[in-house]
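Visitor: I am new to protein structures. Could you walk me through this one and explain the terms as we go?
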Amino acid sequence: MTTSGPSERPERGTERQNWIERRREKIRAEVDRNRRGEYTVPTWVLALALILIVGGWLALIFLA
């Protein structure tokens, strides 16, 4: 059985700080890409649009 000693706590804080910095950098990079016009529509949005179009088309066929 292992226990966390006081010596491991600074590592955990540093690890969390590193995660926060990586997350912030990732967000900054995404904002920069969007400003340059490299914005892409998420796949789930495209799939939802396709389902709605096909569903509407099928509704017109079967309910008309």
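Visitor: Why does R24 count as partly exposed?

Guide: This is a predicted model, where local features need pLDDT of at least 70 and side-chain atom pairs count only at pLDDT 80 or more, while totals for chains, interfaces and linings use all residues. Residues are numbered from 1 along each chain as its sequence is written, and side-chain values use heavy atoms, leaving out hydrogens and water. Now to your question: buried means under 20% relative accessible area, exposed means over 50%, and partly exposed lies in between (1.4 Å probe, protein chains only). R24 has 45% relative accessibility, so R24 counts as partly exposed.

Visitor: What makes R24 and E21 a salt bridge?

Guide: The term asks for a side-chain nitrogen of Lys or Arg within 4 Å of a carboxyl oxygen of Asp or Glu. For R24 and E21 the N to O distance is 3.4 Å, and their side chains meet in a salt bridge. E21 counts as partly exposed because its relative accessibility is 41%.

Visitor: How many salt bridges are there by this rule?

Guide: The count comes to two. R28 forms a salt bridge with E25, with the closest N and O atoms 3.6 Å apart.

Visitor: Why are R28 and E25 separated by about one helical turn?

Guide: They are three residues apart in helix α1, so about one helical turn lies between them. An α-helix has 3.6 residues a turn, so residues three or four places apart point the same way.

Visitor: What does the secondary structure of the protein come to?

Guide: Two helices and zero strands. Both terms refer to DSSP runs, numbered from the N terminus: helices are H or I with at least four residues, strands are E with at least two.

Visitor: Why is α2 called hardly covered?

Guide: Among its 21 residues, the count of buried residues is zero. Of the 64 residues of the protein, 0% count as buried.

Visitor: Where does V41 lie, and why does V41 count as partly exposed?

Guide: V41 lies in the loop between α1 (9-35) and α2 (43-63). Its relative accessibility is 41%, so V41 counts as partly exposed.
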